[in-house]
Amino acid sequence: MNTVERVEVVLPGKVEPEGLELRHGPVPVPAAGQALIAMEATGVSFAEQQMRRGRYYDQPPFPFVPGYDLVGTVRAVGDGVAPDLLGKRVAALTKTGGWASHVLLDAADLVDVPEGLGAAAAETAVVNGITAWQMLHRKARVRTGQTVLVHGANGGVGSILVQLALAAGARVIGTASPRHHDALRALGVTPVDYRSGDVPARVRDFAPGGVDAVFDHVGGGGVVDSWRLLAPGGTLVSYGSAATRDDEGSGTWPVLRLLGRVWLWNALPNGRHAYFFNVWAGRAYARNRFRARLRSDLTQVFTALRRGDITAQVAAEIPLSRVAEAMRLAESGTVAGKVVLVP
């Protein structure tokens, strides 16, 4: 008789991708209020790339199981959880813990995945989709006719962000390497080579008066250029520090420096706005509000995916047992969309 076991990927410390460990154990049993999810798809995001370097600003102590989000099917529920949840395909933000075959989560944190959406397709739209949606609609509040600049327009968040912006009626300029320009043009995006030397000058060629919003995952000194590209009344949303990924030292300092700049810029009397976006903001002190907003916004993203406003971009589906290969591919910068891990 075959016994189902739990397989998980453990990040033991600051290691190369090949240092990630596979561990096996019993499938856990849900406690009151919990559900057991059989993972069908989980993603490799920039957060995990920083975590393996010890540079994600609020990661837990080593060792731990990475995995920022997942899609899977509910296999068991604890006391107090509605039994009709059993067998449903759901999605969840986890921050850590998603890189496992079976995951225990609070049932209140689960969001239904609509019928007709495959697991891998839905997975591309969880953390990436919720990030893109909330930055676009809750922070920048982009409207029809505005012009926006999306850095990393071919990436996991960027590829969804440009499509949501286009669906909102905005004109989109996107930075990416030349290999992705034809695909971006096909979407209706004006591409700019981020290695062309003077990116701000190229953006100014297309938007002489500045842009209404910039979405910047790069951080570092380039975020100053992003701020300067804003038109009067424009909004900068910074949501990462990719430029410092391979730096040594504390991963907290780049975030603190960004926060300092955001505070300073917002204090200036010029009508422009800046935000440092974190999808987890508000969870610690307003958990129920956070859950309600997450459910509402992710449902909107899934609706956009089913409607065709956004297209799931799965760069590759790779088994959990080949996680080192998946991490290398995600870090290579050569793919469009998201690298997805499957059981």
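1. Contact here means heavy atoms within 4.5 Å. On that basis, residues 24 or more positions apart account for 67% of the contacts in the protein with a separation of 6 or more.

2. This is a predicted model: local features need pLDDT of at least 70, side-chain atom pairs count only at pLDDT 80 or more, and totals for chains, interfaces and linings use all residues. Residues are numbered from 1 along each chain as its sequence is written, and side-chain values use heavy atoms, with hydrogens and water left out.

3. Overall fold and dimensions. The secondary structure comes to ten helices and 15 strands; helices (H or I, at least four residues) and strands (E, at least two) are DSSP runs, numbered from the N terminus. The radius of gyration is 20 Å, close to the 20 Å that the globule rule gives for 343 residues, so the protein is as compact as a globular protein of that length. That radius is taken over C-alpha atoms, and the rule is 2.2 Å times the number of residues to the power 0.38. Along its principal axes the C-alpha trace spans about 70 × 40 × 40 Å.

4. Of the 343 residues, 54% count as buried; buried means under 20% relative accessible area, exposed over 50%, and partly exposed in between (1.4 Å probe, protein chains only). The protein exposes about 14,900 Å², of which carbon and sulfur atoms supply 52%. Accessible areas come from the Shrake-Rupley method with a 1.4 Å probe; for residues, only the protein chains shown count as cover. The mean positions of the 36 positive and 31 negative charges are 6 Å apart. Lys and Arg count as positive and Asp and Glu as negative, while His and the chain ends are not counted; the place of a charge is NZ of Lys, CZ of Arg, CG of Asp or CD of Glu.

5. Helix H10. In this helix, residues 323-332, the buried residues are Val-323, Ala-324, Ala-326, Met-327, Ala-330 and Glu-331. Seen down the axis of H10, they fall within an arc of 160°, so they line one face of the helix. The arc is that of the directions from the helix axis to the C-beta atoms. As background, an α-helix has 3.6 residues a turn, so residues three or four places apart point the same way. The cover over the buried residues of H10 includes strand E1 (5-10), strand E3 (34-44), helix H1 (46-51), strand E14 (314-319) and strand E15 (338-342). Just after H10, Gly-333 takes a positive phi of about 75°.

6. Met-327. This residue of H10 counts as buried, at 1% relative accessibility. Leaving aside neighbours within four places in sequence, Met-327 is in contact with Pro-17, Leu-20, Val-44, Glu-48, Gln-49, Arg-52 and Trp-99. The C-alpha atoms of Met-327 and Gln-49 are separated by 7.5 Å, although the two residues are 278 apart along the chain.

7. Helix H3. H3 is mostly covered, with ten of its 13 residues buried. Among them are Val-127, Ile-130, Trp-133, Met-135 and Leu-136. Gln-134 also lies in this helix, which runs over residues 127-139, and is buried with a relative accessible area of 8%. Beyond its neighbours within four places in sequence, Gln-134 is in contact with Lys-139, Phe-277, Val-279, Arg-293 and Asp-297.

8. Leu-22. This residue is found in strand E2 (residues 21-26) and counts as partly exposed, at 36% relative accessibility. With neighbours within four places in sequence set aside, Leu-22 is in contact with Val-7, Glu-8, Val-9, Leu-320 and Ser-321. The C-alpha atoms of Leu-22 and Trp-99, 77 residues apart along the chain, are separated by 10.0 Å.

9. Backbone points to check. Most residues other than glycine have a negative phi, and most peptide bonds are trans. A cis peptide bond joins Phe-62 and Pro-63, with omega about -5°; Pro-63 lies in the loop between H1 and strand E4 (69-77). Phi of Lys-95 is near 70°, a positive value in a residue other than glycine. Lys-95 sits in the loop between strand E5 (89-93) and strand E6 (102-106) and counts as buried, at 18% relative accessibility. Arg-141 has a positive phi as well, near 50°. Arg-141 is found in the loop between H3 and strand E8 (147-150) and is exposed, with a relative accessible area of 55%.
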